[in-house]
Amino acid sequence: METEEKKKNEPFPFGEGHLHIFMNGRNYREAVNAQSHGVDENVIREHFAEYQKRGITWLRDGGDIYGTSQRAMEIAPEYGITYRTPVFAIHRKGHYGGIVGKAYENLKEYVQLIRLLRRMGGQFVKIMISGIMDFDRGGLTEESLPDDEIREMIHIAHEEGFSVMAHTNGSRAVRTAALAGVDSIEHGNFCDEDALSALADSSAVWVPTTVTVKNLLGDGRFPESVVQRIWEGQQKNLKLACKLGVKMALGSDAGAYRVLHGQGLLDEYQVFEQVLSEDWPDWRTGILEGDRILREKF
Ligand SMILES: [Zn+2]
């Protein structure tokens, strides 16, 4: 009885490297409605309780535009949680990112946004440099930002004293961001070996958020064949990344459709175990190192 009790309170060794506290994993509209007339603190508390219940004590948010993650910073200590947030993410106007952040039209505005997030208590910079996966057709929804702009964004954020978390998909953007010294790559879908090699040679941590895809299997919202194809590509790249020595960490994008707070991290853990343990029995040690770097940088 006593040991059982102890086990229950043991902290989970991995942090949740990517979540959005304002989203609920079920209904995006509902989540937006709950926050858009002022922060609904109950949502934050409900989600933090899910982490607390599972002994998950370190969280890194990917941002929102409602001030929800800013409020969450104040509440987290009540749940024994270390919570890190960029407050809002930053994207180029007219490109993907409006659902989690603010837009700039030129680099001068980009710098102003970084200074704004600093004033709001943001602890790092989250940039959106690629589109998202197109689950209806496969591929990406849009072209990534030009290489020189990606490099400049990372450089400026570092100059301002922040680490950089980058929403990135596709070989070119992943390679460019890795070479420019980005601190973490989020998603990183549709990468070739060249991009993964650049990632392995860099100091960046890859947070692949695989369950945003795997949890769509059998869901019916998108064509099953497309989801299946993307999921197979992810498994192949996870194995390849391991072989090449890419630093990786667990992050589920909790709050995204079908990815629940707390449970999402356990789902992501299971994917890593399922995909990596055969070739790499000691995969946990490697991922713990990625986790450590993530906590150090962010
Ligand atoms: Zn995200």
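1. Is Val87 buried or exposed in this model? Val87 is buried, with 27 other C-beta atoms within 10 Å. Val87 sits in the loop between β3 and β4 (89-92). Its phi is near 70°, a positive value in a residue other than glycine. As background, most residues other than glycine have a negative phi.

2. Some ground rules before you read on. This is a predicted model, in which local features need pLDDT of at least 70 and side-chain atom pairs count only at pLDDT 80 or more, while totals for chains, interfaces and linings use all residues. Residues are numbered from 1 along each chain as its sequence is written.

3. Now the whole protein. Its secondary structure comes to 12 helices and 10 strands; these are DSSP runs (helices: H or I, at least four residues; strands: E, at least two), numbered from the N terminus. The radius of gyration is 18 Å, close to the 19 Å that the globule rule gives for 298 residues, so the protein is as compact as a globular protein of that length. That radius is taken over C-alpha atoms, and the rule is 2.2 Å times the number of residues to the power 0.38. Along the principal axes, the C-alpha atoms fill a box of roughly 60 × 45 × 40 Å. Of the 298 residues, 48% are buried.

4. A contact means two C-beta atoms, placed from the backbone, within 7 Å.

5. Strand β6 (residues 125-128) pairs with β7 in the parallel sense over four bridges, and Lys126 stands opposite Met165. Strand β8 (residues 184-187) also runs parallel to β7, joined to it by four bridges, with Glu186 as the bridge partner of His167. Pairing here asks for at least two DSSP bridges between the strands.

6. Elsewhere, three strands form an open sheet in the order β1-β2-β3, with parallel pairing. Its edge strands are β1 (16-19) and β3 (82-84), each pairing on one side only. Neighbouring strands of the sheet are turned by 25° against each other on average, direction ignored; the axes behind such angles are lines fitted to C-alpha atoms (for helices, over the stretch in contact), and angles run from 0 to 180 degrees between N-to-C directions. Two bridges join β1 to β2 (residues 58-61), and Glu16 has Leu59 as its bridge partner.

7. Which residues touch the most other members of the largest nonpolar core? Among its 77 residues, they are Val125, Val164, Ala177, Val182, Ile185, Leu199 and Trp206. Helix α11 (residues 263-276) gives the most to this core, with five residues. Apart from it lies another core of five residues, including Met133, Val213, Leu216 and Ile230. A nonpolar core is a set of buried Ala, Val, Leu, Ile, Met, Phe, Trp, Tyr and Cys residues joined through C-beta atoms within 7 Å. Val182 itself is in contact with Ile154, Val164, Ala166, Ala177 and Ala204, leaving aside its neighbours within four places in sequence.

8. Asp253, in the loop between β10 (247-248) and α11, has a phi near 65°, a positive value in a residue other than glycine, and is buried, with 28 other C-beta atoms within 10 Å. Gly98 lies in the loop between β4 and β5 (101-104) and is partly exposed, with 14 other C-beta atoms within 10 Å. Not counting residues up to four places away in sequence, Gly98 touches His91 and Ala103.

Terms used: A residue is buried if 20 or more other C-beta atoms lie within 10 Å of its own, exposed if 12 or fewer, and partly exposed in between; C-beta atoms are placed from the backbone.
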